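Look at the charged side chains as you read.

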Amino acid sequence: MFTAAAPEAPPRGRWGTTWRVLLALPLGLVGWADSYQRVQQSGGQWQHVWWWVVDPLLAVVSLVGVLALVRRRPMPVALAAAAVAALSGLAFGAALLALCSVATRRRWREIAVVATADLVVFMIPIPIYPRAGTGQSWWLDLATLTVGIGMVVAVGVAVGQRRALVAGLRERAETAEREQAARVEATRIAERNRIARDMHDVVAHRISLVAMHAAAVGYRTDLTEQERATALRTIEENARLALHELRDVLGVLRDPAAVTGDPAPPQPRIGDIAALVEQSRDAGMHVDLVSSVDLETAGEPPSLTAQTAHRVVREALTNAGKHAPDTRVTVSVAGEPGEGLALRVTNPAPLRPGGRGLPGAGLGLVGLAERVATAGGRIRHGPRPDGGFELSVWLPWAS
């Protein structure tokens with residue numbers, strides 16, 4: 001049983017029309033030649049005129065109608081072509097062409113109706129021309145016509161199946177393109193969000209340094225003019241950097257095309273942790289760095305591990321500056337390929353628990369946990385017995 005879904009026919013160009021005409025012409029000449037034999041044997045003058053003039057005109061009208069209308073009205077056009085073939089031997093080709101077009105729709109009821117109509121028309125001699133015996137049994141004529149019509153139907157069904165296959169492949173390709181575009185857009189959005197999160201962390205760290213320097217200038221009354229000027233220059237520099245990085249964040253969030261370039265700054269490495277600690281010291285924090293990682297021997301950790309480690313230390317120092325500004329913070333870095341990278345940041349209880357602390361969103365540790373989990377590591381954090389705070393992270397380091 002054929003499917004009820006009619007495949008969409010492709011646009012018909014000049015060549016498509018030409019080969020259809022060239023196919024219908026020899027098929028019609030068979031019926032026209034058979035009629036000519038009967039006209040020559042016992043036909044009158046008006047029958048010769050019909051054969052020479054009217055028969056070709058009907059065939060031309062039928063062929064033009066089939067070519068122009070069969071795709072829009074397949075059944076009526078095919079039945080009309082069969083009716084014209086009952087009066088014109090040369091119109092047999094147009095009738096078979098219409099049958100083939102109907103067969104491409106692969107609807108068995110339509111094919112059965114049109115094929116039966118054509119078979120009846122082809123079996124009954126054209127009444128305009130004199131009757132003449134064919135010299136063979138009627139059932140042999142029926143079998144021959146049935147085979148011929150069956151071949152036309154088979155060709156039409158094959159064409160329809162190919163059209164359906166091409167349409168299915170085209171739809172599958174378009175679906176794949178849409179899914180690819182959706183994946184690209186999702187990747188672009190994820191990249192924008194990642195860049196925005198990274199820059200947010202950088203901006204928060206800069207603002208923390210500015211706030212700590214400003215607090216030191218206001219709190220320390222024993223500073224010399226040179227020290228005060230140095231602190232103010234540091235505040236100005238970090239404020240400018242924070243403003244610049246904030247503009248980068250807003251640019252990435254507003255312009256999706258911004259991620260097609262290189263909006264993200266150079267990604268940090270393990271060696272940059274020392275510079276991070278130095279920045280915190282310049283801001284007035286008491287930070288000790290203990291590192292047992294030999295980069296010359298072990299090499300640089302994977303990019304994701306190094307970036308995550310740098311951000312863990314940066315977030316830990318920012319939190320310590322906010323909530324325990326007067327304590328001594330210890331940053332420990334250890335590890336080697338195959339064993340993983342271990343980070344530990346500790347500080348004792350704040351010296352001024354009731355003093356001024358910088359406000360926080362309360363999401364820093366949550367963000368760290370997400371980053372560490374994404375990198376395939378583990379994180380622990382919580383208060384120490386002495387009232388301080390400890391943050392421990394392990395990150396994978398493939399050998």
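**E300 and its partner**
- E300 counts as partly exposed because its relative accessibility is 31% (buried means under 20% relative accessible area, exposed over 50%, partly exposed in between; 1.4 Å probe, protein chains only).
- The E300 side chain meets that of R269 in a salt bridge, 3.8 Å from N to O (a side-chain nitrogen of Lys or Arg within 4 Å of a carboxyl oxygen of Asp or Glu).
- R269 lies in the loop between α7 (225-254) and α8 (272-282), and E300 in the loop between α9 (295-298) and α10 (303-323), so the pair ties together parts 31 residues apart in sequence.
- Helices (H or I, at least four residues) and strands (E, at least two) are DSSP runs, numbered from the N terminus.

**Basis**
- This is a predicted model: local features need pLDDT of at least 70, side-chain atom pairs count only at pLDDT 80 or more, and totals for chains, interfaces and linings use all residues.
- Residues are numbered from 1 along each chain as its sequence is written, and side-chain values use heavy atoms, with hydrogens and water left out.

**Other salt bridges**
- The count comes to 7 salt bridges.
- R328 pairs with D288, with the closest N and O atoms 3.1 Å apart.
- R328 lies in strand β2 (residues 328-336) and D288 in strand β1 (residues 286-291), so this pair ties together parts 40 residues apart in sequence.
- R328 is partly exposed at 43% relative accessibility; D288 is partly exposed at 28%.
- E110 and R105 form a salt bridge at 3.0 Å, N to O, and both are buried.
- Salt bridges link R105, R107 and E110 in a network.

**Backbone at R106**
- R106 lies in the loop between α4 (92-103) and α5 (108-123).
- Its phi is near 55°, a positive value in a residue other than glycine.
- Most residues other than glycine have a negative phi.
- R106 counts as buried because its relative accessibility is 12%.
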